[in-house]
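Welcome, and please take a look at the sequence and the structure below.

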Amino acid sequence: MRSKILLLGWLSSSTLLAISPALTDSAVAQCVMTDVSVQVAVRGSRQPSRQSNNVDLQNQGRCSGNSITQVGTQVYTGSGRANQQRTSRQRINSGRGGTGINGPTIKVPVGVKVDVYNPAYDPSLTRPRNFRR
């Protein structure tokens, strides 16, 4: 008899565990703002390139359950000096209200700048030369 009571108790608790997610509110995360920039210059000049990435991430009020992702890529190949400029502005307003989440909006700016000298683009090395015989 005791084993039947234990089995019944185990079945009852396992049933409650199975339906408990339906009885609770779903999880809601904070808002996340992500800005990813990649600037690549492969050139034949030994002078450094000008690469700038200006990012403005703004949020207004409490926010949860929203996310923004902005991606920008700039690629230059040539013999001169590269001038790569990027400006990104994002604004996120309140998301789902009444969640009780009071944490800050998560802001993730990622900027990758690559500036590579490649002799194949260097005009001083690739122009034909006059040779005397």
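## Around Ser45

Let us begin with one serine and its surroundings. Leaving out residues up to four places away in sequence, Ser45 touches Ser79, Gly80, Arg81 and Tyr117, where contact means heavy atoms within 4.5 Å. Ser45 sits in the loop between β1 (32–43) and β2 (50–59). Because its relative accessibility is 15%, Ser45 counts as buried; buried means under 20% relative accessible area, exposed over 50%, and partly exposed in between, with a 1.4 Å probe and protein chains only. The side chain of Ser45 also reaches the backbone nitrogen of Gln47 at 3.2 Å.

Before going on, a word on where these values come from. This is a predicted model, in which local features need pLDDT of at least 70 and side-chain atom pairs count only at pLDDT 80 or more, while totals for chains, interfaces and linings use all residues. Residues are numbered from 1 along each chain as its sequence is written, and side-chain values use heavy atoms, with hydrogens and water left out.

## The chain as a whole

The protein chain has 2 helices and 5 strands. Helices (H or I, at least four residues) and strands (E, at least two) are DSSP runs, numbered from the N terminus. Followed along the sequence, they give the pattern α-β-β-β-β-β-α.

How much of the protein chain do buried residues make up? They account for 20% of its 133 residues. Of the contacts between residues at least 6 apart in sequence, 86% join residues at least 24 apart. The accessible surface of the protein chain is about 9800 Å², and 53% of that belongs to carbon and sulfur atoms; these areas come from the Shrake-Rupley method with a 1.4 Å probe, and for residues only the protein chains shown count as cover.

Is Pro48 buried or partly exposed? With 48% relative accessibility, Pro48 counts as partly exposed.

Setting aside residues up to four places away in sequence, Pro48 touches Arg43, Arg81 and Asp115. Pro48 and Asp115 are 67 residues apart along the chain, yet their C-alpha atoms are separated by 7.3 Å.

## A buried arginine

Now move to strand β4 (residues 83–92), where Arg86 lies. Arg86 counts as buried because its relative accessibility is 8%.

Apart from neighbours within four places in sequence, Arg86 is in contact with a list of residues that includes Asp35, Ser37, Asn53, Val55, Gln70 and Gly72.

## The disulfide

A search of the whole structure finds 1 disulfide, meaning a pair of cysteine sulfur atoms within 2.5 Å. The disulfide joins Cys31 to Cys63, with 1.8 Å from S to S. Cys31 lies in the loop between α1 (2–23) and β1, and Cys63 in the loop between β2 and β3 (67–78), so the pair ties together parts that are 32 residues apart in sequence.

The link of Cys31 and Cys63 is left-handed, with -70 degrees about the S-S bond. Cys31 counts as buried at 0% relative accessibility, and Cys63 counts as buried at 4%.

## A nonpolar patch

Ile106, Val108, Val110, Val112, Val114 and Val116 make a nonpolar surface patch of about 370 Å². One of these residues, Val110, lies in strand β5 (residues 106–117). Val110 counts as partly exposed, at 33% relative accessibility.

Patches are made of residues with over 30% relative accessible area and no salt bridge, joining like charges within 9 Å and nonpolar side chains (Val, Leu, Ile, Met, Phe, Trp, Tyr) within 5 Å. A salt bridge is a side-chain nitrogen of Lys or Arg within 4 Å of a carboxyl oxygen of Asp or Glu.

Key: A polar contact is a pair of N or O atoms within 3.5 Å; within protein, one must be able to donate a hydrogen and the other to accept it, and residues adjacent in sequence count only if both atoms are side-chain atoms.
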